Amino acid sequence: MANNKNNGQTSAPTVKKRSQLQEMWRRLKKNKPAVVGMCIIIAIALMAIFAPYVTPYDYAKQDLKATFIKPCAEHIMGTDNFGRDIYTRIVYGARISLAIGLVSVTIGCLVGGSLGAIAAYYGGKVDNGIMRTLDVINSIPSLLLAISLSASLGTGLGNAMMAVGFSSIPTYARIVRASVMSVKGEEYVEAAISLGASTKRVILRHIIPNCLAPLIVQTSMRVAGAIITAASLSFIGLGVQPPTPEWGSMLSTGRQYIRTHWHMIIFPGLAIMVTVTSLNLFGDGVRDALDPRLKQ
Amino acid sequence: MSLLDIKNLHVHYITDDGTVKAVNGIDLTLEEGETLGLVGETGAGKTTTALSIMRLIPDPPGKIVDGQIFFKGQDLSTLGTIAMRKIRGDQIAMIFQDPMTALNPVIPVGDQIAEVVKLHTDGISMADAVKRAADMLEIVGIDSGRMGEYPHQFSGGMKQRVVIAIALACNPELLIADEPTTALDVTIQAQVLELMNGLKQKFNTAMIMITHDLGVVAEICDKVAIMYAGSIVESGSLRQIFKDTRHPYTKGLFASIPDLNHKIHRLTPIDGLMPDPANLPEGCAFSPRCPHATDICHKEAPEKIEVEPGHIVCCHLFRKGGEE
């Protein structure tokens, strides 16, 4: 018994951390749609990372003798108006889309989340100041805001990320603020303060972890949303510039040939749809798995 | 020097709709190792008193408008935030009313105990803090093998034990228990009280027990203070209050408890309700409900009168030192 106890004490922290992750993984595994979504995202991410190895052609190489080829054995998704292989371009496009999704969401999440947490924790004038400013930003439709930011900062990958990230700040701030406000009133927060924890510690260790569930769901949805927004920016020519393959700009090009060459628009569209759907399924699954109150 | 000495404490909640006078000039002293029962109805200002000792009154709207709180000779009411933070959890700890919500649901209980140890012990390693947490769990009667479990895996009584373990982890000199047994059922209440009593003696911790249950007071307290509408109407030793009840309000409280020795058909509650603390009556706050109220009661606030050593009553009936 004594031996047992000792073991429990010394190895407790590591054992516990691992079992917590295992616990989450166990519950996530039960959620079939989430697992499917996760597999698809991993597959897409792997393809994006190893793009040169999984694609037979150069994404920018034009072959004007082989334009508008329908899907066949050589070009499984066909070729576009410059004779570029659409499959290759979609794989490379995943790099851009995933990067934009992740970076812009990180920007929005960090900036918006901190603003929301500060606003909710301190309340009063601080809250009013932050939230009214964000309301002003929020009153501009997010795509319009991204468009105007892109237009003023100039086109390009970095600016597209900034623009998409910036326009998601108010949403994050609102979500984090709402959950921080509800958690702030909980007794365990008061208890933490009564134990002498500093404000920073109370926010970071006691409040934020209890606000994670909506934040995680929002983040996975937002990655999806950011991919769509970035695609929209490229679609209207303000995002990533050709010849860099981007799903939105591929759609935009394909639009001109929609009557005669369906494959040019179907495949980029499918790529967006599959990615976004998988992200949403995965986000929902993670939310369910992370909530310890749903533990059996 | 007393461990805790509260002098003329006034706490007001200042809102747009008016000022709520939650605590109006209370005096309290507590020696080392002593247990004080703070008894009163809901809204009498018990929790506000406790929170002002911890300096946890939500400000705004709450404010300590007057008075001092001396803890080991140091005035807590003027202490800075950082100095106060060092005292909280280390020298003064608090047990909250509802164990269901007083623990953070996403942190394993062992970590929650270790956290307070780590906060208040300079340079302690995580391993030592965890070891201390395991010891504390064993002390409150929970197998230390459960320290990696989350609060939702514990029952209510077990959670309150964890809360007690957190409160006592740093060996505080003063423990404030805000209705620690109200949310528990009666058998668990008895267990928790017994545990607290044992630990209090073991660690020689002074305690302020906030409750509206006179049975709990009789079981565990040395001294009693009865609060009504933000003032202490009667205070004294356990025996003085229970056997030699003076204030009409305290008498009313005892009259509204069923007595095992007498067969009665109806309890005799105190008529009326506690006054709105935003709009206290003139004179004695209890006068509108007091069966013995005279003209002076409606006009002048009563003085504190020591009817026998240590037994203080705040009532006009005892003004000349005579019996009623």
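In what follows, helix axes are lines fitted to C-alpha atoms over the stretch in contact, and angles run from 0 to 180 degrees between N-to-C directions. Helices themselves are DSSP runs (H or I, at least four residues), numbered from the N terminus.

Colleagues, this is a predicted model, in which local features need pLDDT of at least 70, side-chain atom pairs count only at pLDDT 80 or more, and totals for chains, interfaces and linings use all residues. Residues are numbered from 1 along each chain as its sequence is written, while chains are lettered from A and ligands numbered from 1 in the order in which they are written.

I begin within chain A. The axes of α2(A), residues 32–49, and α4(A), residues 86–122, come within 8 Å and cross at roughly 110°. The two helices are therefore roughly perpendicular (65 to 115 degrees). Their contact (C-beta atoms, placed from the backbone, within 7 Å) joins I44(A), A45(A), M47(A) and A48(A) of α2(A) to V91(A), A94(A), R95(A) and L98(A) of α4(A).

Next, the two chains together. Chain B brings 33 residues to their contact and chain A brings 25 residues. On the side of chain B that touches chain A, α5(B) gives the most, with 5 residues.

Finally, the core. Which residues touch the most other members of the largest nonpolar core? Among them are I227(A) and I113(B), in a core of 166 residues. Such a core is a set of buried Ala, Val, Leu, Ile, Met, Phe, Trp, Tyr and Cys residues joined through C-beta atoms within 7 Å, where buried means that 20 or more other C-beta atoms lie within 10 Å of a residue's own.

Terms used: Contact = placed C-beta atoms within 7 Å. Parallel < 35°, antiparallel > 145°, perpendicular 65-115°, else oblique. Buried ≥ 20, exposed ≤ 12 C-beta atoms within 10 Å, placed from the backbone.
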